[in-house]
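Keep the 3D view open as you read.

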Amino acid sequence: MTRWDAIIVGGGHNGLVCAAYLARAGRKVLVLERRHVLGGAAVSEELYPGFTFSVCSYVVSLLRPWIIRDLDLTRFGLQIIPLDCSFSPLPDGRSLARWSDAEATRREIAAFSQRDAERYPEFGKTMAQMARFVKPLIDSPAPDPWSLKPRNLADLWRTAGRMREMNDEQRRILTKMMTMSAADFLDEWFESDVLKAPMSVSGIIGTYLGVRSPGTAYVLLHHYMGEIDGAFRSWGFSKGGTGQVSEAIAAAARHYGADVRTETPIEKILVRDGRASGVVLENGDVFDARIVVSGVDPRLTFLGLVGSEHLPDEFVTQIERYKLRGSSGKVNLAVDRLPEFACRPGDGPHMRGDVAIAPSVAYLERAYDEAKYGAFSKRPYLNVVIPSVVDPSVAPPGKHVISCFVQYAPYNLAGGADRWPEQREAFGDTVVDTLAEYIPGLKESILFRQVLTPWDLEQDFGLTEGNIFHGELSLEQLAFQRPAPGWAHYRTPVDGLWMCGSGTHPGGGIMGASGALAARTLLGTKAV
Amino acid sequence: MSYDALVIGGGHNGLTTAALLGQAGRRVAVLEARPVLGGLAARDEFAPGFTTPGLLQDTTNLRGAVVEQLDLVKHGMRFADAEPNVFAPQRDGRGLVLSRNDVHMQAELDPVSQADTAAWLDWRASLGRLRPFVQRVLNEPPPDTAPGSIRGKWELARTGLALRRLGRRDMTELLRVGPMCVADWVGEWFETPLLKSLLAGPAVRGGWVGPWSPGTAANLLLHECSSGRSVASGPAGLVDALAATARAAGCELRTDARVSKVLVSAGWARGVELEDGETLHADVVAASCDPRTLLGLMPRGALALHLEEQLGAWRMRGTTAKLDLAWRGELRFRCRPDEVFERAHVGETLDDLERAYDPVKYGELPQRPHLEIHVPSIRAPYLATEGHQVVSILVHWVPLDVLGGWTDERRAELERAVLATLGEYVDDVAEHVVASRLLTPRDIERTYGLTGGQVQHGEHALDQLLHMRPNPSCSRYATPLAGLYLCGAGSHPGGGISCGPGQLAARAILEV
Amino acid sequence: MPLPTPFHDRTSARCASMKWKEWAGYYAVCSYELCHEPEYFAVRHAAGLIDVTPLYKLDVSGPDATAFLDWVTARHVGRLKLGQVGYGCWCDASGRVLDDGTITRRDDASYRVTSADPSYGWLVHQARRFDVRIEDVSDRLAAVALQGPAARSVLGDACDDDVSGLRFFRAMRTRIAGVDVDVTRTGYTGDLGYEVWAPNDGALVVWDALVEAGRPHGMTLLGLDALDVCRIEAGFVLLGVDYFSARRCVLPSQTSTPFELGLGWSVHLDRDPFVGSEALAQEQQAGSEWALVGLHTDWDELERLYDSFKLPPHLASSASRVAVPVYADTRRGVQVGQATSSTWSPVLKQHISLASVRTPHAAVGTELGLEVTVEFERHRIRATVVDTPFFDPERKRATPRSAAASGQPAAPATEPMA
């Protein structure tokens, strides 16, 4: 029987990135994916004939450009179409669109507040400058504030060096961004609710927090790391759906020699004498490996696949305390015509970007308030994209796919998470009703609807508690504390078992950084 | 008139600064706008024969160092003999008394949850390990973040070393807990809802946060690591002793002396002008008013523009109202009719607190507000008339400006909500209430000259603590304007009756 | 997409070249014909008419209006007389220029501010402690500049009132073809000229009346290309070309102070503190690091350089906004600055540049090295520091004596423009 250098548990995009890097370095790598498609939460599936859905993750946010270059992903089919616009319709017939055209954006905002219109570019300038300081943090392993190893001290010194380079004002802003709520932070800049609301949501996506919860301001920065076109917002559609990102990475991994298999669910990670030695599949097959790298979330990895008997008590406590608490759902629609917004009719360029149903800060906060006590929001925040407008390959001519990211849909419903199946359709109706307030003919145009609750995300995609980021991106679960203090460097208490998923630093959307940094660490420490 | 130092505001922090400067031989005048000294700690007769010993109630965070340095005991201050217990009543159940005494605590918790008894001891032990470090942070000026400051680096290095000395586990725990929400933190330790709510209370009161808001665990940590005994006759007792000390040290304490302007010339604060036109000159002006009130006293251009802007954005959104009741007979809780409690906490679960917090975000009144009840007349019977008690209630969270404005109806609505909430735990509330006086946050703003009625002089949020309090350029009490110092709760270590800001400010002034 | 100005119907009908650019969100004509030179010569010899609607226009009024403008601008606005226009700049707290523009005192407590960059938000932000009303009238007010030696006659023919007595940097109210307008004797050409401010709905009527009145005087429609040549000759700095608003800069080194832009004359420090006054006072004491200077390119050297390539000398006829390095000398000296605007001056028959150079190299007469690229090769040729304006005709500020005596109160034109 072959002994692999490394087995990657889970064929999500981070697992695939890790596999591709290891394979490129000449290691014998096996990727095992439970489902029939690769990509984990970054998948495209034809759920309805002729319509391709980005089932879960729907925009490519911060896919690291160096990964695209390293793995030559463009050659393997990666194409990203930047979102050109952020559109926020309002119930009163007004609307706000923010474009890559600064002057047009200024005019749009000035309709609500001239002051804000003038401050908006200043805000962008400040954020871009701040992003310079933060970017290295997401492109390297987290510094370890405890370790005295020269390497880690050097990391710490480098991080501190960046801080020293900042002036007083920048340090002050960074401190505020790390600790303030998105709404409070934006209050210091802007007066118009119509502008603040859609801006503030970037801080709450995927978290069980509201826009007024401290610590949510930081993610505002991510919008300014402008990677895809270097100028405006680094978010885009992957042509053919987000699954194409995974397919491109998988193609690269295979090209470099990795063996990538689907429909191979894992039963257990084998631990012998305190060392991970391989995996057992549900069908009983056993694969041996020098190391096992888990791309699934920490809770599932340690308490599900490894078992607490192989772990130190303190670590088990840490993983039990690790907060996942999914808070979002997804509704995918196939429609027979292009949706039309009542407040801005026609198929204008505002359809090419993302649409935020976030009319006011209070609206968002109320949505959160409902969710806090274990119910989905009656008036949820929606992030809607219609990728078929810019990528005709995903729907038949004249027809469209609509992807609605929905918040809040708390995993822990009052009465238990297993009440989700009975509430699924009511949840779907709420989303469609909410959206139909802005798109009058929506309901009549729906051909097909898929509703994904956090419960479904857990059942179908293996995301514990339906958390799309493998664990909340809250301050105490970031950097050197992700997923647990002392275990931020992809290492685990079990020898030969490593992590490479979004539950490790830096985490987050389709960035690939966790997988790539894990691979770099593995190769760097000669673990494989 | 000419002085060495003028202190704007005669609250407990202003008096502390003045007394310490006076002790060091400086000629000091304290200028208090109101007719009485004490600010939020001043006694206040709210109905004939009924007096509350301060708008704030909790004196357990008073710094021991201040008491010693000023020899307050010699000037009449006494610590209460009794434990500063807090009782949390329950609709169904016996309620719970939170005590600093582990034996008492065990007796309280055992019948409810033995797991929590064990957890309690562990939690206290873990706090005990963190306590020296946290106290060190609270008792020292915040780190000097000015670039190139050698002293700052030295201090930072020493603090870093102290942090490391906690050991890896406690250090990472401290870093982990800081940004957490208090609900999660207490949830990790305990299972009894009432205990969790009781512990979370001090972490969220006064701010624009609820128990599920991140960053609130730090408040609990700070509170738990600094609380000790309470002052016998309440805040007013402390103020009396501070005033006596200050007078003994030669300070001039002037009431009805409202400062209208800080006088600035050639880049120096030279004194103040009072509302009646009188001008007073001094080398040092120390302001114990809140930072935004101070901003209004500064002539245009005296502070750098960016500092003016940043202080203008200093968050002071008051959420605290006060309802003082003249109470016939004794305040007895239905669930423990045989005992009387000086302090009580109404809010049975974390969600009760969170639901009490939610409406404030929309300018609405809470249906079931979170109440912090104090019955000072139990230990100081002279505060009430014979056969009566003073029941002072801090009501959380009440918006500064309720939607539609504070009309008589809205005030009555709030008062009804408070009494109805109290009525869930106390029989026949209406028959006990002889007189009442409600202060909304707007009233508090107006009465005490406190921006937004925010009783901490600036919300305790992570970005408004330590060197960010109230701004990196003046977090060490000296401001960029020569001769102008901050000595109020808007500076580190912040609000509450600790006298810490006043003490550290005096130290900074004397160092120059 | 840019918006049309109120004059767009007229300008687009005449813009045969189809050369447009975006200016502050509006369409603006670069040149009406393919070559801008006739338009330039019209300004210097007859008159030119240019749509300047994209300028930002703000009305500031209220009891504290004067105090407020004194607080935000480096210029002592309180000294402006009724009907006087002042040119000045406003700075941030560290004395770095945010924008420059004109301030017209229209009433005791009512001013109109024009600027190149949107300044409404900043002014409102500064107005916290003042009892003022700030209104952005940019969208409501059309503006047209009438420039050139014949401008006075053209305007006189078009207006109901006698404008001949309107002195340099003064304003008056009058009517053109039944439309109430403000006229200021200002402009961006360094020549005799006026700017006319009219409400949007009367804009076309005013335009037609001016075009009609201009016909006998040889007036031409003027585009931005010709204007650019004129303003360099006049030594006027342009935001976004010769300097950048501190608001948009990322590094302090990208910002400028009024002194560094040669606008020190408009900074009045002997008064109450204002935004940036402390830093400016310090700079006045300590001296500036940079200076804005005029450069004359040495033609003979240029010709020799081209000659060495066996080429006749060649320079673009339009102005260049590409910054070019300036060196301490023509050999190996270090870079001491950059020429930010350059043009061939048709009236002076001279290649001229506006340049920012380090102060030790800024004295008039200093010889510096200017980078010139010939056949993709970079060379340095001699350029000499000279005073600006390069071209400063007397007619710019002169007012006929008789008219001055009859029309306006007699006072010397004190505006020390550039």
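You're looking at a predicted model, where local features need pLDDT of at least 70 and side-chain atom pairs count only at pLDDT 80 or more, while totals for chains, interfaces and linings use all residues. Residues are numbered from 1 along each chain as its sequence is written, chains are lettered from A and ligands numbered from 1 in the order in which they are written, and side-chain values use heavy atoms, with hydrogens and water left out.

Start with Asp298(C), which counts as buried because its relative accessibility is 18%. Its side chain meets that of Arg382(C) in a salt bridge, at 3.0 Å from N to O. The term salt bridge here stands for a side-chain nitrogen of Lys or Arg within 4 Å of a carboxyl oxygen of Asp or Glu. Where do Asp298(C) and Arg382(C) lie? Asp298(C) is in the loop between strand 14 (290-297) and helix 9 (299-308) of chain C, and Arg382(C) is in strand 19 (residues 377-386) of chain C, so the pair ties together parts that are 84 residues apart in sequence. Helices (H or I, at least four residues) and strands (E, at least two) are DSSP runs, numbered from the N terminus. Arg382(C), at 28% relative accessibility, counts as partly exposed.

Over all chains, the rule gives 103 salt bridges. Another one to zoom in on joins Arg299(A) and Glu465(A), whose closest N and O atoms are 3.5 Å apart. This pair links distant parts of the chain, 166 residues apart: Arg299(A) sits in helix 10 (residues 298-306) of chain A, and Glu465(A) in the loop between helix 15 (454-461) and strand 18 (497-499) of chain A. Both Arg299(A) and Glu465(A) are buried.

Now move to where chain A meets chain B. The contact (heavy atoms within 4.5 Å) takes 35 residues from chain A and 38 residues from chain B. Chain A and chain B bury about 3,300 Å² between them, 55% of it on carbon and sulfur atoms; buried area is the accessible area (1.4 Å probe) that two parts lose on being put together, summed over both. Trp146(A), Arg321(A) and Tyr373(A) supply 24% of the area that chain A buries against chain B, more than any other three residues.

In one of them, Lys361(B) pairs with Glu365(A), the closest N and O atoms being 2.5 Å apart. Lys361(B) lies in the loop between helix 13 (350-357) and strand 13 (370-374) of chain B and Glu365(A) in helix 12 of chain A, so the pair joins two chains. Lys361(B) is buried at 9% relative accessible area, and Glu365(A) is buried at 2%. Another pair is Lys323(A) with Asp184(B), at 3.1 Å from N to O. On the chain A side of this contact, helix 6 (168-179), helix 11 (313-321) and helix 12 (361-372) each supply at least two residues. Helix 6 of chain A has the largest share, seven residues.

The area buried between chain A and chain C is about 1,300 Å², with carbon and sulfur atoms giving 48%. How many salt bridges are counted between chain A and chain C? The count is one, and it brings together the side chains of Arg247(C) and Glu122(A) at 3.8 Å, N to O.

Last stop, the cysteines. A search of the whole structure finds zero disulfides over all chains, a disulfide being a pair of cysteine sulfur atoms within 2.5 Å. For Cys56(A), the nearest cysteine sulfur is that of Cys404(A), 14 Å away. Cys56(A) is buried, at 9% relative accessibility. Cys249(C) is buried too, with a relative accessible area of 7%, and its sulfur is 13 Å from the closest cysteine sulfur, in Cys91(C), too far for a bond.

Conventions. Buried < 20%, exposed > 50% of the residue type's maximum accessible area, 1.4 Å probe, protein only.
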